[in-house]
Amino acid sequence: MAFSAAAKRLSITTKHLSTIAPRRYHSLSPFKSPSFAQSQRSESNSLLSHFTFLRGFSVSASDQMNLIKQLRERTSAPIKDVKAALVDSDWNIEEAQKELRKKGKVLASKKSSRTAAEGLLALAQNDSKAALIELNCETDFVARNEIFQHLALSLAKKALLVENTSPLVSGAFQVGPGSLEEMTLNLEHPKINGETSVHNAITEVAAMMGENVKLRRGYVMPAPSQGIISTYLHTSPQPGLGRIAGVLSLEVDEGKTQVDAIQRVGSELAMHVVAAKPLFLTKELVSLDALENEREVLKSQAEASGKSQMAIEKMVEGRLRKYLEEVVLMEQKFIVNDTMNVKTVLDNLSKEVGSPVRVVSFLRMEVGEGIARQETDSSEPVAQAA
C-alpha cells in the first residue's frame with residue numbers, strides 16, 4: 001500500500017515537471033530564469049533520490065526470498081552475507097555473487113595460516129596407475145560437505161594426469177601442491193562448476209566453507225607391467241574417499257593368471273596395510289638407523305632388569321625380532337588370519353595361481369598424520385619398496 005501511494009506521488013510529480021515546468025520557465029524574464037533553473041535542479045535531485053529509495057522496493061518480498069535462496073544455494077555463504085550482497089547490488093544476483101566471491105577470497109587468504117589437520121584422502125585409478133591425494137580442512141564438519149568432497153575427488157583425478165618427473169619415493173611418485181596448482185580443473189558440482197585453476201578452486205571452496213582448505217600432498221603409484229594395484233579406504237563416506245588409505249602393487253609372472261584370486265588377496269592385503277601400519281616391506285629394507293635406535297632402547301630396558309650381560313643380549317635379540325614382526329610387512333601376522341604371516345599368504349597365493357606373486361611396493365596414508373609434529377614436511381616416505 002505504501003509503495004503504491006509513493007509511486008502515485010512520483011508519477012504525478014514527474015508529469016508536473018514535464019508539462020508545467022517548461023511553460024513556467026519560458027514565461028519568465030531572463031533575470032528570473034537562472035534562479036528558477038536552480039530551483040528545478042534541486043527538485044529534480046530530490047526526485048532522483050526518492051526514486052533510488054523506491055527502486056529497492058520494486059522487487060517484491062517473495063522475489064527477494066527467492067533470490068536469497070538461489071544465491072545461498074549457489075555460494076553456500078551465510079544468509080546474512082547473501083542478503084547484504086543482494087541489497088548492495090540492487091538485487092542483481094550475478095553482481096551479488098561476484099561480490100561474495102571477492103569478499104570470500106579475502107576471508108580465505110586470512111584463514112590460510114590456520115592449522116588444517118582434518119580432511120579426506122581421495123583416490124583415483126586407471127589401468128596404469130593409482131593416485132592418492134590429501135585435502136585438508138580445519139573441521140570434520142567441512143570434510144563431510146559435498147562440495148569439499150567433490151573437490152577432493154576432482155583433484156585425485158587430476159593427479160593421474162601429472163607427468164612422473166619426480167624420483168620414486170617408496171614405490172610411488174610424489175605429487176606436491178606445486179605440481180597441480182596451475183593445472184586446469186573442470187568442476188561439475190551445482191554450486192561450484194566451470195573451468196578454473198586448481199589454486200583458484202581451492203581458494204573458492206575455502207571461501208565457501210569459511211575454513212582453511214589446503215592440498216597437502218599426493219602420490220601416484222604406477223602399476224607393474226604384469227600385475228595389479230589393490231586399494232582400500234577406511235572410514236569412506238563415498239567411493240574414492242576415506243580417512244586412511246592402503247595402496248598395494250602386486251606383481252605376478254603370468255599377469256593374466258587367475259586375476260580374481262589375485263584381486264581378492266590384494267584387497268585383503270591393502271586392508272592389512274591400513275590396520276597393521278607396516279613401515280618396511282622386508283627385513284632387508286629396514287634402515288640401519290632404525291635398527292640401531294631400536295636396539296639402544298631395548299638394551300636400556302633390558303639392563304634395568306639387573307640380569308647378566310649374556311641374558312641381556314638374548315633379551316635384546318628376542319625383542320628385536322618381535323620389533324621386526326611389528327614393522328615389516330612380510331613378517332607381520334595377517335589380520336584376516338593371524339595363524340600365518342603375510343609372506344605365507346603370498347606363498348599360498350603363488351601356489352593357487354601357479355605363478356610367483358610379489359608385493360612390489362605399498363603405501364599407507366592417514367589424514368593429518370605428522371601435521372602437529374611437522375606440518376610442512378609432506379615429502380616424508382610413507383612406505384618402502386622392493
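Which element gives the most to the lining of the largest pocket, and with how many residues?

Analyst: This is a predicted model. The element you ask about is α5, which contributes nine residues to the lining of the largest pocket.

Start with the pocket itself. The space in it comes to about 620 Å³. Its lining has 32 residues. Nearest the pocket's centre lie T75, L100, R101, A207 and M208. Several elements give two or more residues to this lining: the helices α3 (61–75), α4 (79–88), α5 (93–111) and α9 (198–209), along with the strand β6 (192–197).

The lining of the largest pocket divides into 15 nonpolar, eight polar and nine charged residues.

Then the setting. Domain 1 (64–112) gives residues to the lining, and domain 2 (114–222) does too, so the largest pocket lies between them.

Searching the whole structure turns up one cavity of 30 Å³ or more. The largest cavity holds about 40 Å³ of space. Its lining consists of L123, A130, A131, L132, Y219, V220, M221, V247 and L363. Two elements, β2 (129–137) and β7 (214–222), each give two or more residues to that lining. The make-up of the cavity lining is nine nonpolar residues, no polar and no charged. The lining of the largest pocket, by contrast, includes eight polar and nine charged residues.

Technical notes:
Residues numbered from 1 in each chain as written. Predicted model: local features only at pLDDT ≥ 70, side-chain atom pairs only at ≥ 80, totals over all residues. Heavy atoms only, no water. 1 Å grid on protein atoms, 1.4 Å probe; cavity = no way out; pocket = protein on both sides within 12 Å on 5 of 7 lines; lining within 4 Å. Points joined across faces, edges and corners; volume = space filled by probe spheres on them. Helix = DSSP H or I, 4+ residues; strand = E, 2+ residues; numbered from the N terminus. Nonpolar A, V, L, I, M, F, W, Y, C, P; charged D, E, K, R; others polar. Domains from an automatic or database assignment.
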